[in-house]
Amino acid sequence: MDGCPLPATLCQIDHAEDWCSGGPTDLKLLGPACQFHNRDRYRHPTRYIRRKIGADRWAFTYRNPRDSRNPRSARLRV
Ligand SMILES: [Zn+2]
């Protein structure tokens, strides 16, 4: 998770595709995420952007819904 200060040794294994919605437990789709980000991403999937950073690697960027530079939040305020 971009910007998360926790090292991978203190993280959980996160499914890139939501396991509760049928996402596979595939090494190519697993990665470390702290407990907060692991759960928050599933509670608020629209706040996270997934992008490929290697052959079998993914990264997530958090989008603050209150950030005016976020077009989605700007729409919600109108
Ligand atoms: Zn985190």
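This is a predicted model: local features need pLDDT of at least 70, side-chain atom pairs count only at pLDDT 80 or more; totals for chains, interfaces and linings use all residues.
I started with the order of elements: from the N terminus on, the protein chain runs β-β-α-β-β-α. I take helices as DSSP runs of H or I with at least four residues and strands as E runs of at least two, numbered from the N terminus. That gives 2 helices and 4 strands.

Residues are numbered from 1 along each chain as its sequence is written.

Next I checked burial. A residue is buried if 20 or more other C-beta atoms lie within 10 Å of its own, exposed if 12 or fewer, and partly exposed in between, with C-beta atoms placed from the backbone. Of the 78 residues in the protein chain, 10% are buried.

Then I went to β3, which covers residues 48–54 and holds isoleucine 53. I found 0 buried residues among the 7 in β3, so the strand is hardly covered. Isoleucine 53 counts as exposed because it has 11 other C-beta atoms within 10 Å.

I looked up its contacts too (C-beta atoms, placed from the backbone, within 7 Å). Leaving aside neighbours within four places in sequence, isoleucine 53 touches Trp58 and Ala59 by that rule.

Last, the pairing, which needs at least two DSSP bridges between strands. β3 runs antiparallel to β4 (residues 57–62), with 6 bridges joining them. Tyrosine 48 has tyrosine 62 in β4 as its bridge partner. The two strands, β3 and β4, form a hairpin with 2 residues between them.

Terms used
Two residues are in contact if their C-beta atoms, placed from the backbone, lie within 7 Å.
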